[in-house]
Amino acid sequence: MQTFSIKNGEMIVSKEPGAVLEACSVGANLAVCIVDSKIPLAGLALVVLPQMPANMPNAFHEAQERLPALTAMSGLPLFFKRMLQEGVAKDRMKLWLVGASRFFSEPADLSLGAQTYTAVKKILNANKIKITAEHVGGQFKRCVRLVVGQDGVRIAFDDQEVIL
Amino acid sequence: MSDDYNAPDFTLERIFEKLVNLPTFPKVIQKALALLKDPNSSIAKLAELLRYDPAITANILRFTNSAHFGLAQRITDLETALTFLGQQHITEILLASASLPYLNTPIAGYRMEPRDLWRHSIATAIAAETLAKFCSYPDPPTAFTGALLHDIGKIALNIFVGGRLEDIFQMARQEKMIFTEAEWRVLGGDHAVIGAEILQLWEFPSDIVRAVRNHHDPDLYIQDTLSSLMALANILVIQMGIGLGADAFRYNINFELLDRLHLTRADLHRCIVLILMDFNRSQDMLNLD
C-alpha cells in the first residue's frame with residue numbers, strides 16, 4: 001500500500017483503500033485529519049501558520065503555491081474543497097486535530113501552535129464543522145497516521161501510542 | 001532506569017577527557033573558511049586548496065549543476081563553479097560536507113533517527129541566517145555556522161554516555177523537567193556545554209562557542225545578539241517540527257527574546273515562510289554524499 005508522508009504546509013487527499021497518510025514530527029504545526037465514515041476517503045493537511053503575513057513579497061506567493069496548507073486561513077478552505085470534490089459528506093465527516101505542541105513557557109507572540117489552533121477552530125466554528133477528538137498542546141514530538149478506509153487516527157508520542 | 005537521579009557522578013569530567021578522541025573537524029574546511037574571509041585571498045587559491053578533496057569537489061559541482069540554478073551548460077571545473085557560487089553558497093556547502101559525518105547519525109537517547117539531527121541542524125542554520133539578515137546582524141554566515149553545529153554535544157553524549165540518555169529522557173518526562181536540567185542532574189552538565197567544549201577544541205571562534213553554550217539557557221542567550229539569534233532559530237525549527245529530538249519542547253523561552261532582536265509576531269511569520277522555503281530547497285540541493 002502507498003504511504004504518503006505529509007510535510008509542513010502540504011495536504012494529501014486519497015481514495016485508495018489501505019493507503020497510509022502520515023505526518024511525523026508534527027511539532028507546533030497542526031495536523032487536520034479528515035475521514036469519511038462510509039466511503040474510503042481520507043485527507044491530512046499540516047498547517048503551519050494562522051494566516052499569511054501582510055506585505056508579502058513574491059516568495060510568499062511561491063510558498064502558497066507550493067505549500068497549499070501553509071496557513072489556516074487559505075489552506076483549510078482549499079482542503080475542505082478538495083475533500084468535497086472527492087465525495088466527502090459533511091454529515092459523515094470525522095475530523096481530528098493533532099499537534100500544536102508548546103514549550104513549558106513561551107510568550108504569546110511565540111506561541112505558534114496556539115495561534116494556529118485558534119485560527120483553525122475559528123474556521124471550523126464558522127463552517128459548523130465539529131471536531132471528533134483532538135490531541136493538542138503539551139511538550140510532545142508527535143507522529144500522526146491515518147489509513148484510508150479505517151476509522152480513527154493513530155498518534156505516537158513519548159514512546160506511547162493512542163488511537164482517537 | 002537508575003534510582004540515583006540526584007547524585008551527579010561527575011560524568012561530565014570523564015566526557016571532557018574523552019573529547020580529544022573525537023575525530024577533529026577537517027582542517028581543510030577550516031583553512032577554506034579562513035580563505036573565504038580573507039580579503040586578500042582569491043577563488044584560485046581556494047580552488048587550489050579544495051581540488052585535492054574529491055568529496056568536497058563532487059559536492060560543489062553537484063550543487064552548482066543542480067536544478068536550482070538551471071544552468072544551460074554543465075560546469076565541470078571547480079574554479080568556475082566556485083566563482084559562480086559566491087562566498088555564501090561555498091561556505092554552506094563546505095560546512096554541510098564537513099558536518100554530515102557527525103550529524104547523520106541516529107541518537108537513540110534523544111529519540112532521533114538517522115538524518116533527524118542533520119535535518120534539524122541544516123534547518124536551524126538556515127533559520128539563523130534568515131533571522132540574522134532580517135535583523136541586519138552584520139555576520140549572517142557566522143550565525144549559519146554556529147547554528148549548524150549547535151547540537152554537536154548530543155553526538156558526544158550519544159557516543160560516550162549513550163546508555164544514560166535513557167535516564168535523562170525518563171526523568172525529564174516523568175518529572176516534567178527542563179531537559180538540560182535533567183542532563184545536569186544525571187551527568188553534571190548538558191549537551192550545550194559539551195558542544196561548546198568540542199567547538200573550542202576544534203578552534204572555532206569564541207562568539208560561536210559562546211552562542212552554542214548559551215542556546216538553551218534563557219538567562220544567557222538574551223545577553224548577546226548571536227546567542228539570541230541561534231536560540232530563536234532553534235525554537236522556530238522545533239516548532240516547525242524539523243528533525244525533533246525527545247527534548248524538543250522541554251524548555252522555557254525568555255519572554256524578552258523577540259524584543260532583544262526587535263522582532264514582531266508578523267516578522268516571525270515572514271521569517272518562518274522564508275525558512276521553510278529555503279529549507280525545502282536545501283533538501284533537494286544538499287543531499288550530499
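Me: In this predicted model, which residue of β7(A) does L97(A) stand opposite?
Reply: β6, residues 93-99 of chain A, is joined to β7(A) by four bridges, and the two run parallel. Opposite L97(A), the residue in β7(A) is E134(A).

Me: In what order do the five strands of the open sheet in chain A lie?
Reply: The pairing in this sheet is mixed. Its edge strands are β2 (11-14) and β7 (133-136) of chain A, each of which pairs on one side only. Neighbouring strands are turned by 10° against each other on average, with direction ignored. The order of the strands in chain A is β2-β5-β4-β6-β7.

Me: What angle does the direction of helix α2 of chain A make with that of β5(A)?
Reply: Helix α2 covers residues 72-85 of chain A and packs on the sheet. There it touches β2, β4 (30-36) and β5 (42-47) of chain A. With the direction of β5(A), that of the helix makes about 170°.

Me: And what angle does helix α3 of chain A make with β4(A)?
Reply: Helix α3, residues 112-126 of chain A, also packs on the sheet. The strands touched by α3 are β4, β5, β6 and β7 of chain A. The angle between the directions of α3 and β4(A) is about 35°.

Me: Which residues touch the most other members of the largest nonpolar core?
Reply: This core holds 145 residues. One of the residues asked for is V32(A), and leaving aside neighbours within four places in sequence, V32(A) is in contact with A45(A), V47(A), L76(A), F79(A), L95(A), L97(A) and V120(A). The residues that touch the most other members are V32(A), A128(B) and L229(B).

Me: Which element gives the largest share of the side of chain B that touches chain A?
Reply: The contact takes 28 residues from chain B and 29 residues from chain A. On the chain B side, the elements that give two or more residues are α14 (225-239) and α16 (265-285). The residues of this side divide into 19 nonpolar, four polar and five charged. The largest share, ten residues, comes from α16(B).

Me: How many of the nine residues of helix α10 of chain B are buried?
Reply: Helix α10 spans residues 179-187 of chain B and is mostly covered. Its buried residues are F179(B), T180(B), A182(B), E183(B), R185(B), V186(B) and L187(B). Of the nine residues, the number buried is seven.

Conventions:
Residues are numbered from 1 along each chain as its sequence is written. Chains are lettered from A and ligands numbered from 1 in the order in which they are written. This is a predicted model: local features need pLDDT of at least 70, side-chain atom pairs count only at pLDDT 80 or more; totals for chains, interfaces and linings use all residues. Two residues are in contact if their C-beta atoms, placed from the backbone, lie within 7 Å. Ala, Val, Leu, Ile, Met, Phe, Trp, Tyr, Cys and Pro count as nonpolar, Asp, Glu, Lys and Arg as charged, and the others, Gly among them, as polar. A residue is buried if 20 or more other C-beta atoms lie within 10 Å of its own, exposed if 12 or fewer, and partly exposed in between; C-beta atoms are placed from the backbone. A nonpolar core is a set of buried Ala, Val, Leu, Ile, Met, Phe, Trp, Tyr and Cys residues joined through C-beta atoms within 7 Å. Two strands pair if DSSP finds at least two bridges between them. Axes are lines fitted to C-alpha atoms, for helices over the stretch in contact, and angles run from 0 to 180 degrees between N-to-C directions.
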